[in-house]
Amino acid sequence: MVSKVVFGRGSFNQLEEILLLKRLNVNAPFIFLVDEVFQGNDKITSRIPLAYEDEVIFISAKEEPKTCQVDALVEYIILKFKDRPSGIIGIGGGTLLDLSKAVSIMLTNEGEAQDYQGWDLVKNPAIYHVGIPTISGTGAEVSRTAVLTGPEKKLGINSDYTPFDQVVLDPELIDNVPTPQWFFTGMDCYIHCIESLNGTYLNAFSQSYGEKALELCREVFLGDHLNTQAAQDKLMMASWHGGMSIAYSQVGIAHAMSYGLSYLLGTKHGIGNCIVFDRLEEFYPEGVKEFKAMKSKFNIDLPQGLCKDLSDKEFNIMIDVALSMVPLWENALGKNWNKTITREKLRSIYEIM
Ligand code: NAD
Ligand code: ZN
């Protein structure tokens with residue numbers, strides 16, 4: 001679990017105080033990995049507390065993080081600075097948070113990031129790392145994984161060293177998220193709840209977090225105060241609780257199939273989950289009905305015909321990726337999941353997206 005967290009509007013201002021205690025020496029910088037969307041935005045960048053050799057690196061979140069991107073960042077940091085950094089601070093959405101977790105791990109572990117995609121492969125503790133979300137829903141701020149696309153697979157670095165040492169939850173930071181992106185990333189949280197609460201892996205720990213997150217999602221996406229301060233506060237906490245819920249259970253069918261879309265077509269996590277979930281009435285009837293109500297409340301039109309020109313080979317790549325997510329299927333449908341989920345079944349669902 002994350003060992004320390006602060007929450008509150010304006011809590012970003014506490015960063016200086018938090019980091020002060022963690023600086024190892026003047027040659028050991030803090031490296032801030034910041035979403036490029038904030039470049040030139042003084043409201044955020046002027047409040048990043050820089051001293052000595054500290055450096056801000058702006059990174060685009062247009063594409064999801066890749067293992068080679070992590071390796072390049074680590075190489076840059078090692079070559080540039082005399083000492084290992086005092087800490088890595090990720091400021092952004094799931095993309096920047098996962099990159100920051102992975103970089104902090106790879107600064108103390110040999111080899112390449114792709115060697116650690118999987119479960120509990122990391123040997124040495126990561127360097128101190130802080131997560132500051134600027135968009136809410138993925139739960140990446142609280143989770144035990146850093147999801148990366150590698151040469152062979154899209155899979156997380158799941159380990160006890162992955163979670164942040166400190167998280168700063170400042171709902172003011174999610175103020176300017178454009179509505180469609182607010183919806184897609186927010187729906188990641190809603191889908192985490194539905195998949196966790198309807199899964200066979202459910203237990204009292206996951207259920208307690210999942211139910212609270214679902215209640216908050218309903219207030220945010222079906223209530224009367226769409227993108228208000230109250231909604232920002234609630235969505236930030238929904239994301240946290242949704243992440244805690246899946247940490248002790250698992251996600252399900254929308255995530256398994258969305259990984260296929262992401263791997264083949266580069267479809268991003270939030271929107272990909274929405275495109276898939278929209279077609280899963282058969283498996284999550286009530287969740288999909290409620291999702292459609294939220295979609296219409298936010299006037300969201302999902303892309304259509306994503307798979308209409310795909311070849312057999314391309315369908316097979318997506319189906320292989322989706323089927324490889326065994327724990328997700330098992331959580332969704334139980335041990336005999338492969339009796340219902342055949343290649344033909346998956347193809348028929350992909351074909352209508
Ligand atoms: P993101 O980080 O990809 O960002 C989405 C878009 O929103 C980007 O264009 C970004 O620049 C923009 N943005 C972010 N904050 C903004 C702000 N305050 N104002 C305006 N624009 C802003 O989005 P995401 O949906 O949070 O993250 C998706 C990633 O998270 C995927 O790579 C996915 O694999 C990963 N993920 C990780 C976990 C985990 O547990 N580690 C869980 C789910 C998803
Ligand atoms: Zn997700």
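Author: Helices here are DSSP runs of H or I with at least four residues, and strands are runs of E with at least two. The model itself is predicted. By that count, residues 4-171 come out as 22% helix and 25% strand.

Reader: What is the stretch 4-171 called in UniProt?

Author: An unreviewed UniProt entry lists it as "domain: Alcohol dehydrogenase iron-type/glycerol dehydrogenase GldA". The domain assignment for the protein gives domain 1 (4-174) and domain 2 (179-351). The centres of domain 1 and domain 2 are 25 Å apart, taken over C-alpha atoms, and their contact takes 17 residues from domain 1 and 26 residues from domain 2.

Reader: What makes Gly210 count as buried?

Author: Just a count! A residue is buried if 20 or more other C-beta atoms lie within 10 Å of its own. Gly210 has 26 C-beta neighbours inside 10 Å, so it counts as buried. Gly210 is part of helix α6 (residues 204-222).

Reader: Which residues does Gly210 touch, not counting those up to four places away in sequence?

Author: Contact needs C-beta atoms within 7 Å. On that test Gly210 touches Cys193, Ser196, Leu197 and Ser245. For Gly210 and Ala140, which are 70 residues apart along the chain, the C-alpha atoms are separated by 15 Å.

Reader: How do you know that ligand 1 lies between the domains?

Author: Look at who supplies the shell. A residue is near a molecule if its C-beta atom lies within 6 Å of it. Domain 1 (4-174) and domain 2 (179-351) both give residues to the shell around ligand 1, so the ligand lies between them. There are 30 residues around ligand 1, and Gly93, Gly94, Thr95, Thr138 and Ser143 come nearest. Elements giving two or more residues are α4 (94-106), β7 (145-149), α5 (179-197) and α9 (269-277), and α4 has the largest share, with 4 residues.

Reader: How many residues of each class are in the shell around ligand 1?

Author: It has 11 nonpolar, 14 polar and 5 charged residues. Gly counts as polar here, by the way.

Reader: Which residues touch the most other members of the largest nonpolar core?

Author: Core members are buried residues joined through C-beta atoms within 7 Å. This core has 99 residues, and Leu33, Val70, Ala102, Val103, Tyr190, Cys217 and Ala322 touch the most other members. Helix α5 gives the most to the core, with 10 residues, while domain 1 and domain 2 each supply at least three. Leaving aside neighbours within four places in sequence, Tyr190 is in contact with Cys217, Phe221 and Phe291.

Technical notes. Residues are numbered from 1 along each chain as its sequence is written. Chains are lettered from A and ligands numbered from 1 in the order in which they are written. This is a predicted model: local features need pLDDT of at least 70, side-chain atom pairs count only at pLDDT 80 or more; totals for chains, interfaces and linings use all residues. UniProt positions are given in the numbering used here, feature names are shortened, and annotations may be inferred rather than shown by experiment. Domain bounds come from an automatic or database domain assignment. A residue is buried if 20 or more other C-beta atoms lie within 10 Å of its own, exposed if 12 or fewer, and partly exposed in between; C-beta atoms are placed from the backbone. Two residues are in contact if their C-beta atoms, placed from the backbone, lie within 7 Å.
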